[in-house]
There are 2 protein chains.
Amino acid sequence: MVQGDKATVIFQPSGRRGEVRRGLSIIEASRQIGVDIETLCGEKRVCGKCKVRIEEGFFEKYGITSTEKHAGEWQKEEEKFINAEQREAGYRLGCCAKVEGDLLIFVPEESRAGKQVVSKAARDIHIEWNPAVRYYYVEVSEPTFESPTADLERILEELNKRYGLKDLDIDYVLLKQLPSQLREGSWKVTVAVWMNREIIRVLPGTVEGYYGLAIDVGTTTVAAYLCNLATMEVIDTVSMMNPQCKYGEDVMSRITYHMMHSDGLEKMSDDIIGGLNSLVAQACEATHPPKKKKAANKEKPAQIEEGRAYPCLDHTDIIDMTIVGNTAMHHILLKLNPEYVGVAPFPPVIHKSMDIKARDLGIQINESAYVHVLPNEAGFVGADNVGVLIAEEPYKKHEIQLIIDIGTNGELVLGNKAKLMSSSCATGPAFEGAQLTFGMRAAPGAIERINIDTETHEVDYKVIGRDAWKTYSKPEEMQTKGICGSGILDVLAELYRSGVILKSGRFNPNQKSKRYRINSDNNQPEFVIAWAEETSIGKDIAITQKDVRQIQLAKGALYCGCKLMMRRMGIDKVDKVKIAGAFGTHVDREKALIMGLFPDCEIDKIVSVGNAAGDGARAALLNREKRQEANWVSRNVEYIELTVEKDFQQQFMEAMQIPHMNDQFPHLKGIVPDDILSQ
Amino acid sequence: MVQGDKATVIFQPSGRRGEVRRGLSIIEASRQIGVDIETLCGEKRVCGKCKVRIEEGFFEKYGITSTEKHAGEWQKEEEKFINAEQREAGYRLGCCAKVEGDLLIFVPEESRAGKQVVSKAARDIHIEWNPAVRYYYVEVSEPTFESPTADLERILEELNKRYGLKDLDIDYVLLKQLPSQLREGSWKVTVAVWMNREIIRVLPGTVEGYYGLAIDVGTTTVAAYLCNLATMEVIDTVSMMNPQCKYGEDVMSRITYHMMHSDGLEKMSDDIIGGLNSLVAQACEATHPPKKKKAANKEKPAQIEEGRAYPCLDHTDIIDMTIVGNTAMHHILLKLNPEYVGVAPFPPVIHKSMDIKARDLGIQINESAYVHVLPNEAGFVGADNVGVLIAEEPYKKHEIQLIIDIGTNGELVLGNKAKLMSSSCATGPAFEGAQLTFGMRAAPGAIERINIDTETHEVDYKVIGRDAWKTYSKPEEMQTKGICGSGILDVLAELYRSGVILKSGRFNPNQKSKRYRINSDNNQPEFVIAWAEETSIGKDIAITQKDVRQIQLAKGALYCGCKLMMRRMGIDKVDKVKIAGAFGTHVDREKALIMGLFPDCEIDKIVSVGNAAGDGARAALLNREKRQEANWVSRNVEYIELTVEKDFQQQFMEAMQIPHMNDQFPHLKGIVPDDILSQ
């Protein structure tokens with residue numbers, strides 16, 4: 001029954017997987033794999049916070065059907081926290097259950113420690129108030145024999161008379177509630193009108209606030225902004241891992257999953273729709289008084305205690321939604337065949353924006369509401385990039401902007417009001433910390449900043465969730481877990497700046513540091529960033545040669561993309577570089593420049609614009625004209641397919657080098673030592 | 001166990017019910033109640049045509065759970081026609097099963113004898129071709145790196161270029177099929193566009209015919225016209241009893257059912273939606289080759305044999321639907337609360353027409369198609385009357401028309417291009433043959449024409465399904481079953497013309513005929529129309545005093561309505577009387593005038609316009625401008641609430657008399673003997 005001393009463990013919903021030694025507790029396994037499970041009591045089996053659900057605890061080849069066998073025997077301490085019904089459903093405590101065989105483990109939201117640092121927080125952006133949905137208050141007279149006009153026509157007449165709204169339709173599903181709402185409100189109602197075209201909600205009496213959600217469906221992360229449409233205020237930002245991660249980490253592997261499984265599209269779509277529904281529920285719950293909330297939601301009550309009293313919303317109060325996402329996410333969400341998006345010449349099924357009834361999508365907001373899905377530019381530059389565009393509006397400026405949106409894919413926009421180009425480059429998920437030996441998402445314990453002494457090669461670093469740098473901490477205080485995306489770039493830039501790696505990306509074989517070594521397991525050179533004693537995973541956290549190559553591939557793709565676009569545009573310099581996405585929020589601009597992520601630019605002209613795609617979704621939520629603008633720009637930005645440029649391969653190879661020719665990066669002078677630049 | 005010697009039997013789907021003597025066969029019971037079950041072998045238990053399903057064979061109060069007990073013991077002859085599975089489901093032969101207790105019996109379509117004579121057949125009406133849905137053929141180029149435009153945008157561009165169609169949307173559900181249809185058609189497709197606004201179907205290659213259904217939802221009967229939208233041809237007319245009949249025969253009893261049952265609206269709506277779906281299926285099946293059809297559909301193959309080769313349609317080929325119905329039927333179908341339609345001042349929920357996605361209604365035509373529901377005029381003058389109006393177009397004429405639509409309710413329109421009024425009157429279902437002792441629907445065996453000799457009071461008559469009148473037949477050849485709506489009026493008019501009844505409606509006590517008698521069961525006077533030997537039900541078919549009163553109430557309501565409207569209009573004469581509805585098709589204009597159904601008019605100015613409501617639905621299906629016209633007329637016809645006219649009661653009482661003052665009906669002179677007119 002025992003097949004070697006290792007077992008495969010997959011954690012949901014993150015989709016993270018790894019091989020661990022049999023006999024470890026699930027908590028221990030989670031640490032090794034980089035999944036955060038809450039353990040308030042430090043595995044003393046007394047807090048019950050580390051509840052997980054064993055989804056699949058057997059693999060057919062082993063012929064075992066009891067989940068408890070694979071997750072170890074039931075412990076009496078578990079009974080205190082897990083009732084019979086939950087036990088039946090597969091619940092265990094992570095500190096008690098053991099890895100005795102291959103396991104698929106679901107970590108419920110409340111058991112997830114150190115919630116992801118939401119780098120998709122809403123920025124202040126200037127949006128003119130003009131939401132697609134508006135509320136109107138009307139009073140009508142009661143029907144009489146002299147005027148037995150229908151309920152609806154009474155309201156329509158009043159909406160016309162008082163607000164000049166003409167020829168309105170009414171959503172059929174809503175119409176069913178009209179007679180009762182009208183009478184309950186004693187012929188005084190508040191009416192929600194969508195796009196001056198259709199009545200989508202009728203509420204008795206006077207209603208003031210009304211709410212919408214702007215959604216950014218990323219390949220890895222999904223963020224939702226709950227907005228008060230009347231005041232434009234962002235009430236809450238909620239986010240989650242894209243539940244599709246389990247089908248593959250990047251766009252291509254999801255498309256492949258669809259092509260290999262006849263129900264793949266259906267499953268992936270249902271998963272993201274389910275995810276959106278849970279975000280809707282989560283955003284609504286945040287508006288409820290603290291006592292009604294689950295213990296795990298620790299951040300929210302503060303806001304309400306400070307007097308930000310919103311009415312307690314439920315999903316029917318959400319009467320508008322805008323969605324952005326790359327073309328593959330867009331297609332999969334909408335159950336549109338993404339197959340051709342993955343094959344040259346990558347035609348999408350649709351460019352233009354769509355207004356789809358929430359009920360047709362299965363999205364549980366008000367059932368009469370529309371979901372507005374922003375338009376796509378091309379197969380690999382989707383509605384998310386359109387979101388970036390309408391948030392940043394480069395087409396309204398004279399200066400030439402280079403906008404880089406680094407998510408799981410890299411999307412590039414270059415231009416100004418005269419001409420705008422877009423493109424995509426296959427950066428892969430390396431910038432998000434994925435596929436690296438000790439990569440992890442931006443969560444507590446992740447290395448996000450690093451300094452390497454050019455003389456001693458000693459390392460100082462900072463982790464998310466702890467203000468003090470390592471130099472000012474005891475080793476055991478660091479509880480380091482891995483390196484997140486923005487940290488990765490820091491590490492590489494410092495390794496290069498300090499001469500540990502060469503411009504080719506190879507480790508400098510002439511190392512003086514004891515942190516450099518050849519890993520006996522894989523015979524790869526590596527450089528230790530954090531010693532085992534500083535970590536919570538009990539082993540050294542290092543950067544391997546393979547990790548460096550991954551980052552080089554990503555940055556090469558990005559740099560090469562920028563250069564080719566500039567060549568097409570006939571320019572050799574940009575006025576401004578904007579970095580969007582989670583990566584942009586955390587990245588050190590200087591380090592990015594050192595790494596040569598993009599062409600040379602004055603440091604203070606490099607700005608981070610946060611989750612601009614999400615900002616665009618929010619702009620479209622709060623201003624209907626932005627929706628028109630989005631459709632216009634999606635068809636007026638010229639999409640460049642970089643891979644068919646004749647010298648693409650050559651350019652890409654060159655771009656993988658770390659220090660670019662000195663003359664190409666005048667702004668690096670003084671940041672990187674001359675001797676390294678001229679290596 | 002035996003509770004007296006009678007039991008209640010209800011037949012579905014007609015909803016007809018009655019008390020019959022225990023021990024009768026179900027076939028015998030069906031005859032007494034006026035339900036037609038096929039019996040080819042004359043109950044010799046050898047043809048197996050009289051299969052029925054026992055739906056409820058026990059009532060809790062009796063504490064019996066075996067259906068066979070209530071329907072009598074299983075007979076060995078039944079085994080030949082009913083297998084074990086069917087027996088389990090409650091199937092029996094009507095000739096073998098007996099009424100041993102209360103029964104709810106479902107008569108499957110194939111067991112229904114003498115299908116209803118469809119009096120809702122489509123007339124030739126002049127309609128200009130301009131359907132809401134049109135098909136367009138487009139060829140697009142394949143995507144390339146130079147032009148990787150999305151599938152949809154390729155088609156939109158071509159539709160714009162070739163047909164001038166701009167800013168089209170596409171139905172979201174359809175969009176999912178677009179990529180495969182486009183590639184299956186090698187980039188050549190036929191596109192269905194709704195109202196120049198939305199793409200609702202895409203088919204590979206060239207497609208020529210396209211199809212829609214116009215539906216008339218009557219309180220009692222539902223008719224559907226399957227039309228080729230390309231040629232305007234009516235391919236087939238299918239009809240059925242409104243399945244809601246089991247909740248009550250008239251509009252008010254359905255509204256009451258809703259108010260008494262919290263799920264009443266849902267149930268009634270689901271039933272009619274289910275009914276529409278079966279009509280869709282039936283209409284589609286009619287286009288299939290005869291060999292694929294069920295044996296029972298005997299009328300259809302002829303059409304196909306004559307070379308009318310349509311493609312075999314399925315429900316997805318139906319890409320448009322229009323619906324008319326009175327306001328209550330409209331509301332119930334759409335699950336709109338009909339409560340207020342039943343209470344003064346009877347305001348509907350909505351007047352204007354609606355375009356509802358078929359899928360939102362659960363109607364199984366093409367799921368991207370819209371269902372167009374015509375507008376309502378008022379609480380008791382609904383979309384069916386609007387259908388009559390757009391078919392007859394009185395608002396385009398100089399002559400003053402009185403249009404009478406007699407279904408289960410009476411709807412009146414009076415006016416011309418200068419002014420148009422509408423009204424409703426509670427005729428009840430008497431004109432449809434319901435609620436009369438021997439009333440039945442218009443089916444084989446129903447008396448439809450009658451003559452009474454003024455001297456001898458001898459009766460001659462004709463039944464539906466047999467050309468020869470009684471005089472030219474042997475008694476046993478008649479197989480008379482009852483009297484249908486149009487026959488009823490004939491009977492009354494003849495009874496009056498021959499002096500059997502007086503103008504007050506009372507039987508003339510000085511009767512010379514042996515057909516006049518006092519029924520010993522109920523102590524009511526009655527006049528025998530058909531002796532038992534001429535009938536298939538084994539007893540005399542007679543008209544009772546109560547029957548006469550029912551008809552008088554109906555005709556009084558109608559006449560009074562017409563008079564009050566004319567008074568409002570300030571006229572004492574109309575130029576033309578149009579009688580719509582099934583009743584109008586069968587009625588003898590002279591007899592209607594004798595009965596004083598409506599104010600005096602030259603006989604040749606009285607015309608029957610058939611199912612004008614259905615014609616209106618068809619007009620709206622084939623010409624989108626008719627939909628606009630319908631909305632316009634629904635708000636420009638003045639609805640008159642007759643019951644609040646100050647002398648309504650007085651007028652109503654007077655109108656119940658049969659022979660009106662001679663001077664009011666100059667056209668009766670010469671038809672009705674002077675001595676009777678002056679009674």
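A polar contact is a pair of N or O atoms within 3.5 Å; within protein, one atom must be able to donate a hydrogen and the other to accept it, and residues adjacent in sequence count only if both atoms are side-chain atoms. By that rule, 18 residue pairs are in polar contact between chain A and chain B, both residues being at pLDDT 80 or more. This is a predicted model, in which local features need pLDDT of at least 70 and side-chain atom pairs count only at pLDDT 80 or more, while totals for chains, interfaces and linings use all residues. Residues are numbered from 1 along each chain as its sequence is written, chains are lettered from A and ligands numbered from 1 in the order in which they are written, and side-chain values use heavy atoms, with hydrogens and water left out.

**How the two copies are related**

**The interface between chain A and chain B**

- Chain A brings 41 residues to the contact, and chain B brings 41 residues.
- About 3,600 Å² is buried between the two chains, and carbon and sulfur atoms give 68% of this area (buried area is the accessible area, with a 1.4 Å probe, that two parts lose on being put together, summed over both).
- On the chain A side, A:F145, A:Y172 and A:P345 supply 19% of the area buried against chain B, more than any other three residues.
- Four salt bridges are counted between chain A and chain B (a salt bridge is a side-chain nitrogen of Lys or Arg within 4 Å of a carboxyl oxygen of Asp or Glu).
- B:D169 and A:K352 meet through their side chains in a salt bridge, at 3.7 Å from N to O.
- Elements of chain A that each supply at least two residues of the side touching chain B include α4 (151-163), α6 (178-184) and β14 (354-357) (helices, H or I of at least four residues, and strands, E of at least two, are DSSP runs numbered from the N terminus).
- The largest share of that side of chain A, four residues, comes from α4(A).

**Strand β16 of chain B**

- Six of the six residues of β16(B) (residues 401-406) are buried, so the strand is largely enclosed by the rest of the structure (buried means under 20% relative accessible area, exposed over 50% and partly exposed in between, with a 1.4 Å probe and protein chains only).
- B:Q401, B:I403 and B:D405 point one way from β16(B), while B:L402, B:I404 and B:I406 point the other way.
- β16(B) runs antiparallel to β17(B) (residues 410-415), and six bridges join the two (two strands pair if DSSP finds at least two bridges between them).
- The hairpin that joins β16(B) to β17(B) passes through three residues.
- With β25(B) (residues 576-580), β16(B) pairs in the parallel sense over five bridges.
- B:I404 has B:L412 as its bridge partner in β17(B), and its bridge partner in β25(B) is B:I579.

**Salt bridges within the chains**

- Over all chains, the count comes to 67 salt bridges.
- A:E448 and A:K462 form a salt bridge whose closest N and O atoms are 2.7 Å apart.
- This pair links β19(A) (residues 446-452), which holds A:E448, to β20(A) (residues 459-463), which holds A:K462, and the two residues are 14 residues apart.
- A:E448 is buried at a relative accessible area of 14%, and A:K462 counts as buried at 14%.
- B:K578 and B:E392 meet in a side-chain salt bridge at 2.8 Å from N to O.
- B:K578 lies in β25(B) and B:E392 in α12(B) (residues 383-392), 186 residues apart.
- B:K578 counts as buried at 6% relative accessibility, and B:E392 does at 7%.
- A network of salt bridges links A:K419, A:R567, A:R568, A:E638, A:E645 and A:D647.

Methods:
Contact means heavy atoms within 4.5 Å.
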